[in-house]
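Subject: Structure handover

Hello,

Here is the structure for your files. My notes come after it.

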Amino acid sequence: MVLHGKARGPSACELRWSLLSLQNSLKASNRKKKRTSFKRKASKRGTEENKGRPFVIKPISSPLMKPLLVFVNPKSGGNQVDTYWVFCKALEGTKVLQMFMWYLNPRQVFDLSQEGPKDALELYRKVPNLRILACGGDGTVGWILSILDELQLSPQPPVGVLPLGTGNDLARTLNWGGGYTDEPVSKILCQVEDGTIVQLDRWNLHVERNPDLPPEELEDGVCKLPLNVFNNYFSLGFDAHVTLEFHESREANPEKFNSRFRNKMFYAGAAFSDFLQRSSRDLSKHVKVVCDGTDLTPKIQELKFQCIVFLNIPRYCAGTMPWGNPGDHHDFEPQRHDDGYIEVIGFTMASLAALQVGGHGERLHQCREVMLLTYKSIPMQVDGEPCRLAPAMIRISLRNQANMVQKSKRRTSMPLLNE
């Protein structure tokens, strides 16, 4: 095998990952040999007949084989940064796409900017021991997990993450880091193979009109959230207001948001404006939060929180840890992404600012179900997707658990060539 102009032998990981490619190549070679005795005219006719036939996968079941399906989203993070950075990320995504196509059978690699993941997952749904690698941001991972829910694959293939987007809090949680750092594809393949399969809680968001308010008192606002499932977090108040301001301004004047520096300045300006206008100051007066039957509203009003976060994973807002360090939980259990509990955290303006320097919010509860009532239109965001929701009753409950591939911090063993 020749890579980048240097000859080397294939590693054990590459041998296993490329086994599907080898089988397809051998089958194609055998068919070619059988056709050599045919006349040219017959060969042309056979080619025309095969043009409309679908591609069919017939895997050979083996516990030592872990076929890989790769989804690459070159556009991950494109809405958050300047034009030059978007161009660089697109080049990075294209480079990753080409590298995986070089190492694997191109039938195992899909460009999500061209088509969604559903058809590919349908095609590979009967492949045993299948693993998926999502190359993109947390939104790309959520997209793939939603399609897996829709297809109801059993068992559900575990999903690894190669972070290409912005934020990447889920990737950080699963030890994949905050961004792709030009690691060799052969190393990534071994990391996916050696990774531990863990569970990730996923939460439903069920929205109804607030039954305590008559229809004529409902304010302006949308009637549903951008997503009805979240993997990372759901929040309302100050942080969602700033994100929504940026989103609405960019939609109205996209030409003014073609610079990463300008975008950051807009975020800072929106945050300062909200601070001066106190638009999130009275959040605690217009919400009611009940967690597993415990009413948290009195404490929320006492501490005058301006932001409330329902957190599923330890990371939030590009790497911060709002629940705090594992050893600082006091009366609470350590936070986990697979325990069926969600963490409820309250923030003031001061504690939100302290997040960037290692601070954390006020721990309120760890619960399995949440009932949230709002009495005015409030900015909210679901895994970074913002909106202004009209007064509503929102129920948060556990949806299911997804299988994920957590990157091992250390290689426990070297793969054997004779496997």
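This is a predicted model: local features need pLDDT of at least 70, side-chain atom pairs count only at pLDDT 80 or more; totals for chains, interfaces and linings use all residues.

Residues are numbered from 1 along each chain as its sequence is written, and side-chain values use heavy atoms, with hydrogens and water left out.

The protein chain has 12 helices and 18 strands (DSSP runs numbered from the N terminus: H or I of at least four residues, E of at least two). Of its 419 residues, 47% are buried (under 20% relative accessible area, 1.4 Å probe, protein chains only). Among contacts (heavy atoms within 4.5 Å) with a separation of 6 or more, 79% are between residues 24 or more positions apart.

Helix H8 (residues 185–194) is largely enclosed by the rest of the structure, because eight of its 10 residues are buried. Among them are Ile188, Leu189 and Val192, along with Gln191 and Glu193.

Gln366 is in strand E14 (residues 362–367) and is buried, at 13% relative accessible area. Its side chain makes a polar contact of 3.0 Å with that of Glu343 (a pair of N or O atoms within 3.5 Å; within protein, one must be able to donate a hydrogen and the other to accept it, and residues adjacent in sequence count only if both atoms are side-chain atoms). A polar atom of the Gln366 side chain also lies 2.9 Å from the backbone oxygen of Glu333. Leaving out residues up to four places away in sequence, Gln366 touches residues including Asp292, Trp323, Phe332 and Tyr341.

Regards

Conventions:
Buried means under 20% relative accessible area, exposed over 50%, partly exposed in between (1.4 Å probe, protein chains only).
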